[in-house]
Amino acid sequence: MARGVTDRDMGYVRILRELADLEATVIETGLQNDGTSSDGGVLVSHYGAVNEFGSSNGHIPERSFIRSTFDETVDKLVDTRDKIIGGVYAGKLTADRGAGLLGEMHQTDIQRKITSHPPPPNAPSTIARKGSSGTLVDQGLMRQSVRW
């Protein structure tokens, strides 16, 4: 009669692999430089950077929408990250799906920030050209260009 131990993997190896994948994952959220340009031919990523940091000549003030969103939502991001790790550990999420959930959440938060029209207000000349007083939004191209 043969005796021995049978080792059956009930998902432990998969969980370890998913956790390793998750640990190696980097999520970048913002305006990806994909060559999209505004009507004036300015890259949306350049337009976004000038608004995020302000122009060097001071004509365009800083209206942070990426850094400020991160600062305002970092606790929510950390809580969500922790829940995703728990979901991966429990076998309910894959690393890719968890990263997607976190990336989509941060993308949506940045887009909300853009449409909240952060201060300072536009100059009267900008309002006249755009036909509205809403900051950061003209035709909505920058908001649509936020990706994770």
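How far is Lys130 from Asp138, the nearest side chain of opposite charge? The gap is 5.6 Å, and Lys130 is buried yet has no salt bridge. Buried here means under 20% relative accessible area, exposed means over 50%, and partly exposed is in between (1.4 Å probe, protein chains only). A salt bridge is a side-chain nitrogen of Lys or Arg within 4 Å of a carboxyl oxygen of Asp or Glu. As for charge, Lys and Arg count as positive and Asp and Glu as negative, while His and the chain ends are not counted.

Before going on, a word on the model: it is predicted, so local features need pLDDT of at least 70 and side-chain atom pairs count only at pLDDT 80 or more, while totals for chains, interfaces and linings use all residues. Residues are numbered from 1 along each chain as its sequence is written, and side-chain values use heavy atoms, with hydrogens and water left out.

Lys130 sits in helix α5 (residues 124-130). Helices (H or I, at least four residues) and strands (E, at least two) are DSSP runs, numbered from the N terminus. A polar atom of the Lys130 side chain lies 2.8 Å from the backbone oxygen of Val137. Leaving out residues up to four places away in sequence, Lys130 touches Asn122, Thr135, Leu136, Val137 and Asp138; contact means heavy atoms within 4.5 Å.

Now for Arg63, which you'll find in the loop between α2 (44-53) and α3 (67-89). Arg63 is also buried without a salt bridge. Beyond its neighbours within four places in sequence, its contacts include Asn51, Glu52, Thr135 and Leu136, along with Pro118, Pro119, Pro120 and Pro121.

| Buried residue | Nearest side chain of opposite charge | Distance |
|---|---|---|
| Lys130 | Asp138 | 5.6 Å |
| Arg63 | Glu62 | 10 Å |

**Helix α2**

Which residues of α2 are buried? They are Val44, Ser45, Gly48, Val50, Asn51 and Glu52. Their cover includes β1 (30-31), α3 and α6 (141-144). After α2 comes Gly54, with a positive phi near 85°.

Tyr12 belongs to helix α1 (residues 12-23). Why does Tyr12 count as exposed? Because its relative accessible area is 56%.

Phe70, in helix α3, counts as partly exposed because its relative accessible area is 40%. Not counting residues up to four places away in sequence, Phe70 touches Leu77 and His106. Between the C-alpha atoms of Phe70 and Arg81, 11 residues apart along the chain, there are 14 Å.

How values were computed
A polar contact is a pair of N or O atoms within 3.5 Å; within protein, one must be able to donate a hydrogen and the other to accept it, and residues adjacent in sequence count only if both atoms are side-chain atoms.
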